[in-house]
Amino acid sequence: MTFVLTNLVPGDPVAANLGQRALGDPAIVAQWRADHGLDRPLWQQYALHLQGLLHGDLGTSQQSHRPVSQDLAEFVPATLELAGAAILVSLVLGVAFGVIAALRRDRLSDHTLRVLSLVGISVPTFWLALLAFYVFFYRLQITPGSGRVDAALGSAPAVTGLQTVDALLAGRWDIFTSAVGHLITPALVLALYTIGLLTRFTRSAVLEVLGQDYVRAARAKGLPGRVILFRYVLRSALVPIITVAGLAFGSLLSGTVLVEAIFAWPGVGQYAYKSATTLDLPAVMGVGLVVGVVYLVINLVVDVLYGVIDPRVRLQ
Amino acid sequence: MTLDITGLKVSIRGKAILGGVDLSLREGQVHGLAGESGSGKTMTGLAVLGLLPHGSQVTGSVTLGGRELLTLAPKELNEVRGGQVAMVFQDPATSLHPMLTVGRQLTEHMRHHLRIDKREARRRAVELLGKVRIPGAEEAYGRFPHQFSGGMRQRVAIAVALACSPKVLIADEPTTALDVTVQAGVLRLLRGLCDELGLAVLLVTHDLGVMSAVADEVSVMKDGLVVETGPRERVLREPAHAYTRSLLDSLPDSERGPRPGTRGDIRTEES
């Protein structure tokens, strides 16, 4: 799929990669095409691509001149850290806000949260990222600027590739706080859309469950409010919530491209952006593969969670 | 312990629902509350436990053994709910949580109200499941509501209601959602439990056939008021109020009035 799509893109990778003078020389152009296998028919290119995939070979990036798999291994953890933090933040805040709004229905806090969540959904990520960068870093100077960690501190030995985790593993508290500081703003910016979305869905899911007979029956049993909320209400509400969350995390990944570009976050998003603008096809296909795999994993996790939450969908 | 409802008035957003209901439940007796849909039967039951919908206003008095329930603080009310006054709802398909095991729903409030440990709660729960005649109680403990039939689910719901040995049981149309064939079994169970445990039962129903089978006392409601109350035999045989008469007249002939010995049969079968 990624192969077809990337090859359908109108544009000549040769023109994007070679300079003006080199382009004028047919011999150089032919040589470059041959080097990158572009002189063969498309089906042969595809067969070679598949053959490579099976061997874990994603081809060589035309920009970095390194194997794409090596590039990805370097950039994927950074994105996982950023997206993971954003997912965590949006789950915690989105669900919490949604529950509060539902429990305080039609009161001031409900109305406020609903308006704020609408803002979160409507504001474009790139604009918010620019604004946050300008206000918090440039104007107020309360957050560190770009990158993942203070360059002066060096970095902890890579174990997982996640700066925060690696710093903790190495016992480097200074690197950890710096990494968290660098993570907060881009993660929040990235999470804002999902927070807004989850707030709205959680609110309606909780309100729906609150009207169910079994919640009234639970109250008739004299259970304390918090037990009813966590065991009876949230459990049922989680089913629609994780459905939406799974979908939202997909769109969150596409948001990383913009956020990474603005915060100079050395992740897959930036890599994808650079490779796309230079028509570095092997790299673009590599990113496409990674994103596809992540989608699959998210969907698998959501499906497994359905079974954990609701016994009726469990396999007998 | 007796439950006395006097002058109970309920209005929701200014609209009067109950216009001064008087009822009295005594231990060991089933009090049937009849009336058509919208007459306020269910609201009466819910008002006792403070489960009315948001925006409801309640006046009057509901006392349990002389203790006023309507003005209780939330925490004290929670001790009465489930602990002293329990409730069984109309549809067991929706009144049991679909994602929690029967055992969990049976033991949760038990552990909370009676402050007993997990093992003791489990033992009691299995015993209760046996008492409400669920076959294979031990195994049923770990199953989910959807793995039971409607009648069995309602038995589970009754077991849940009885878990903390309440004094009063409010059963809101407990057989309406069930097949006719299993209705009798559930009613027989309720009647038997009432006799055995000395429960005061408020049986809310629109079905006079159900009423004639198990109730000791019968009250008839119309438009938020109790229009007639008295012993079952008298109310169903010689209704004093025109509305009761019209309710009885609307029954198909075969079901009309209490059949002689009906209740007696049920009693002997259970005890």
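Predicted model: local features only at pLDDT ≥ 70, side-chain atom pairs only at ≥ 80, totals over all residues.
**View 1. Helices α6(A) and α7(A) pack against each other**. Helix α6 of chain A covers residues 68–103, and helix α7 of chain A covers residues 108–122. The two pack at an angle of about 140 degrees. Their axes lie 8 Å apart. Angles over 145 degrees would count as roughly antiparallel; α6(A) and α7(A) are therefore oblique to each other. The crossing of α6(A) past α7(A) is left-handed.

**View 2. Residues where α6(A) meets α7(A)**. From α6(A) come A:Phe97, A:Ile100 and A:Ala101. From α7(A) come A:Ser109, A:Asp110, A:Leu113, A:Arg114 and A:Ser117. By class, this contact holds 4 nonpolar, 2 polar and 2 charged residues.

**View 3. The side of chain B that touches chain A**. Here 23 residues of chain B are in contact with 18 residues of chain A. Three elements of chain B give two or more residues each: α2 (74–80), α3 (92–95) and α4 (102–114). The largest share, 4 residues, comes from α4(B). This side of chain B divides into 9 nonpolar, 10 polar and 4 charged residues.

**View 4. The fold of chain B**. Chain B has 12 helices and 10 strands. Its C-alpha trace spans about 55 × 45 × 30 Å along the principal axes. The radius of gyration is 18 Å, which agrees with the value near 18 Å for a compact globule of 271 residues. Buried residues make up 47% of chain B. Of the contacts in chain B between residues at least 6 apart in sequence, 66% join residues at least 24 apart.

Notes. Residues numbered from 1 in each chain as written. Chains lettered and ligands numbered in written order. Axes fitted to C-alpha atoms, helices over the stretch in contact; angles between N-to-C directions. Parallel < 35°, antiparallel > 145°, perpendicular 65-115°, else oblique. Left-handed = near helix turned anticlockwise from the far one by under 90°. Contact = placed C-beta atoms within 7 Å. Nonpolar A, V, L, I, M, F, W, Y, C, P; charged D, E, K, R; others polar. Rg over C-alpha atoms; globule rule 2.2 N^0.38 Å. Buried ≥ 20, exposed ≤ 12 C-beta atoms within 10 Å, placed from the backbone.
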